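Subject: Structure handover

Hello,

Here is the structure for you to look through. Please open it first, then read my notes beside it.

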Amino acid sequence: MSIDSYRFLDFASRQVMKAWAARQERSVIPFTLLTRPLRECTIALVSTAGIARNDDQPFDQERERRDPWWGDPSFRVIPLGTREQDVRLYHMHIDPRFGQADLDVVLPMRRLTELAHEGIVGQPAPRHYSIMGYILEPTVLVEETAPAIAEQMRLDGVDAAALVPA
Amino acid sequence: MIPDLTRAVGVPRLAGISYPMGRPLGRPHDADGQRAVLRSVVELLAAASAPDTYVELPFVWPESPAQARNASKDLPAPPIVELLTRKPWLLASLYTGRIPNEVSAA
């Protein structure tokens, strides 16, 4: 691959992530073809920036401070139309100020709406999602959080989801 | 942004982009740039016909890695970095993924 995955990382983070990539065991990758043309699809977004609405429960930064090996494995719903001033980014391993200044940097709901108006996609889902990107031990994320998000997407008639790492 | 790692985990479709962490869609208030990135991503949904489809997006970040990092150097270090600065021998756990499961390890 010609993209250098590590060029923006400091030396230590680079070494750690290379080690993780090399250690990862290969398994069967699920795949589903789109069942309708993209221009008719309802699309949902999932950001790993740890975004929570101000009227929702924050991601648990205190527990991570007490136990830095732990990351909050829960998720938050971000309804379409949510604005920067309605949310906070709780991810402590990225600079939250860019997404806080312009939420579309990490959760591009307005850009998705524009693509729907252009006829590229059908429509944005009514609900989008955020999880915490820093989770070293992903069992709860994989076994509980992801299926719970998928179930809500099914209820909203979502055809496809884009995971947006932060 | 770290397509190497995402690919190793195994995802149905992956669009790699050479942008810094925290800014996956691009710079704040650059709506045209953000929309171009997102359009490439959603078009991959239709274009891919098999798992592990990987495309590299051609977008170029307008700053050097050092400039991109400098923009965030005033932030406090994440808790794990503070911990490993105090107890560097624990770095081995981070490399190997053998994560201590007790707060006492902190």
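Start at Gln123(A), which lies in strand S5 of chain A. Keep in mind that this is a predicted model.

Is Gln123(A) buried, exposed or partly exposed? Count the C-beta atoms around it. There are 17 others within 10 Å of Gln123(A). A residue needs 20 or more to be called buried, and 12 or fewer to be called exposed. So Gln123(A) is partly exposed.

Now look at what surrounds Gln123(A). Set aside its neighbours within four places in sequence, and Gln123(A) is in contact with Thr42(A) and Ala116(A). Gln123(A) and Thr113(A) are ten residues apart in sequence, and their C-alpha atoms lie 6.8 Å apart in space.

Next, helix H4 of chain A, residues 109-117. Which residues of H4(A) are buried? They are Met109(A), Arg111(A), Leu112(A), Glu114(A) and Leu115(A). What covers the buried residues of H4(A)? The cover includes strands S1 (42-47), S5 (123-124) and S6 (127-131) of chain A. It also includes H2 of chain B. After H4(A) comes Gly119(A), with a positive phi near 85°.

Then go to helix H5 of chain A, residues 139-155. H5(A) has 17 residues. From its first C-alpha to its last, H5(A) reaches 24 Å, close to the 24 Å expected at 1.5 Å a residue. Look along H5(A) for a kink. The kink is about 30° and lies at Thr145(A), shortly before the proline Pro147(A). Just after H5(A), Gly157(A) takes a positive phi of about 70°.

Now the two chains together. How many residues of chain A are in contact with chain B? The count is 54, and they meet 52 residues of chain B. Several elements of chain A each supply at least two residues to the side that touches chain B. They are helices H1 (11-23), H2 (61-66), H3 (97-101) and H4 (109-117), with strand S7 (160-164). H1(A) gives the largest share, six residues. By type, this side of chain A divides into 33 nonpolar, six polar and 15 charged residues.

Chain B has two loop residues to check. Most residues other than glycine have a negative phi. His29(B) has a positive one, near 70°. His29(B) lies in the loop between strand S1 (13-18) and helix H2 (31-47) of chain B. His29(B) is exposed, because 11 other C-beta atoms lie within 10 Å.

Asp52(B) sits in the loop between H2 and strand S2 (53-60) of chain B. Is Asp52(B) exposed or partly exposed? Asp52(B) has 14 other C-beta atoms within 10 Å, so Asp52(B) is partly exposed.

Step back to the whole of chain B. Its domain assignment gives domain 1 (1-72) and domain 2 (76-106). The centres of these two domains, taken over C-alpha atoms, are 29 Å apart.

Last, the confidence scores. The mean pLDDT of chain B is 92, and 94% of its residues reach 70 or more. The model scores ipTM 0.95 and pTM 0.95. Where pLDDT is low, the predicted coordinates should not be read in detail.

Best wishes

Terms used: Residues numbered from 1 in each chain as written. Chains lettered and ligands numbered in written order. Predicted model: local features only at pLDDT ≥ 70, side-chain atom pairs only at ≥ 80, totals over all residues. Domains from an automatic or database assignment. pLDDT = per-residue confidence, 0-100. Contact = placed C-beta atoms within 7 Å. Helix = DSSP H or I, 4+ residues; strand = E, 2+ residues; numbered from the N terminus. Nonpolar A, V, L, I, M, F, W, Y, C, P; charged D, E, K, R; others polar. Expected span 1.5 Å × (residues − 1). Bend = angle between axes of the 7 residues up to and from the residue.
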